[in-house]
Amino acid sequence: MSRIDWTSHQGGPLRGEITVPGDKSVSHRSLMFGALAEGTSHIRGFLEGEDTRATAAILGKLGVRFETPAPGERIVHGVGLHGLRGTADTLDCGNAGTGMRLLAGLLAGQAFDSTLVGDESLSRRPMRRVTDPLGEMGAQIDTNDGKPPLHIHGGRKLKGITYHPPVASAQIKSALLLAGLYADGTTEVIEPHPTRDYTESMLKAFGWPIEYSPGKAKLDGGHTLRAVDVDVPADFSSAAFFIVAACIVPGSELRLKAVGLNPRRTGLLAALELMGADITVENERTSGGEDIADLVVRYRRLHGVALPLDIVPDMIDEFPALFVAAAAAEGMTTIRGAAELRVKESDRIASMANGLKACGVLIDELPDGAMIRGGQIHGGTIDSHGDHRIAMSFAIAGLLASGPIVIGDCANVATSFPGFMELANGVGFNLGPVR
């Protein structure tokens with residue numbers, strides 16, 4: 001992937017009505033469950049990002065046929081729970097941590113060996129949190145000192161377990177539930193804090209008997225998935241950048257349409273409301289088992305807060321954008337309990353702290369968060385470390401900065417938000433490539 005750098009300048013008030021791309025988490029899962037189902041599933045609103053396309057390509061190598069009648073649509077011809085075919089090729093997840101961790105669970109119960117690889121960034125990310133409990137279920141997965149590549153041995157007999165993850169993670173839960181489809185007995189996951197329930201609700205929609213409530217999920221192996229059509233909601237994590245931008249740029253008013261509002265995903269809304277944001281939820285409805293609504297966001301000066309610990313797990317992907325909101329707010333914002341940020345596509349605490357310091361913001365980095373004193377944001381040059389959420393967050397910061405912010409290494413934005421620059425500039429950003 002060739003290097004791409006951006007420059008973000010001050011823009012005018014943000015105005016308009018936009019629809020951000022489809023939810024990445026739902027897109028990954030709809031491909032996997034459609035592939036394992038009996039029959040044909042039609043997915044609408046599919047995220048055309050590199051991460052989700054990597055998952056589709058892997059399933060294609062394993063014998064699943066896809067049709068693409070239009071951008072954002074996939075027709076998945078399911079092969080059934082035991083219909084995947086092995087391949088000698090490595091299975092390249094690219095930058096997709098969700099794809100790799102969920103596929104590890106799915107492939108642990110197959111009759112054939114598989115090898116999952118990723119790009120340089122993904123190859124540094126920890127996988128023992130998934131491979132260790134899968135090992136307790138009977139899987140055999142070889143790693144590179146706990147990191148990718150993952151070599152998954154086929155033909156292992158899996159058994160259900162009750163597992164208490166040490167950290168709240170929908171990826172851990174989902175990997176175990178996927179393995180549980182192939183396991184003898186009952187697989188149960190009891191979390192330290194409830195995480196998003198996309199996997200549980202989609203399994204139910206595909207006809208698999210499952211019991212779940214906030215923080216708990218339990219299923220038995222040996223059933224069948226039946227194909228259904230899936231409407232993917234707009235991705236809340238992608239909407240987050242526009243939500244924060246409209247909150248902090250004077251005179252702004254944006255409407256974001258059909259945004260997924262899974263309650264285990266929307267901690268950012270609670271955080272911004274504590275900071276005084278003006279966000280209205282309109283046209284609430286349900287589609288495919290997921291809550292969706294339009295969000296109307298208007299500028300209002302934010303104030304610093306001590307972020308409550310109980311909303312931290314519900315906004316882990318949105319913290320880079322929240323750091324920028326805190327930098328624009330009056331007073332001090334304190335973030336704790338977010339150590340999980342250190343093992344994302346980059347160390348997001350360090351990446352945001354170093355970047356904000358380079359732009360003149362007063363910030364003290366903590367082991368599990370940061371203390372950010374809001375004030376003026378200056379121009380500067382920052383490194384996104386190939387992390388799409390860092391890059392897009394500093395694109396927001398540039399809207400308020402006293403000078404241009406040059407953002408290095410932005411190519412991976414295409415992994416989760418294709419067309420971000422065009423959509424952003426269409427509502428008032430002043431963002432372009434460094435030439």
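Strand β21 (residues 380–383) and β22 run parallel, joined by four bridges. (Strands are DSSP runs of E, at least two residues, and helices are runs of H or I, at least four, numbered from the N terminus; two strands pair if DSSP finds at least two bridges between them.) This is a predicted model, where local features need pLDDT of at least 70, side-chain atom pairs count only at pLDDT 80 or more, and totals for chains, interfaces and linings use all residues. Residues are numbered from 1 along each chain as its sequence is written, and side-chain values use heavy atoms, leaving out hydrogens and water.

**Exercise 1.** Work out how the rings of F417 and F420 are arranged.

*Solution.* First, grab the numbers: the centres are 5.2 Å apart and the planes sit at 75°. Next, check the cut-offs: rings of Phe, Tyr and Trp (its six-membered ring) pair with centres within 6.5 Å, and planes under 30 degrees apart count as stacked, over 60 as edge-to-face, the rest as tilted. So this pair is edge-to-face.

**Exercise 2.** Is G97 buried or exposed?

*Solution.* Locate G97 in helix α3 (residues 97–108). Its relative accessible area is 4%. Buried means under 20%, exposed over 50%, partly exposed in between (1.4 Å probe, protein chains only), so G97 is buried.
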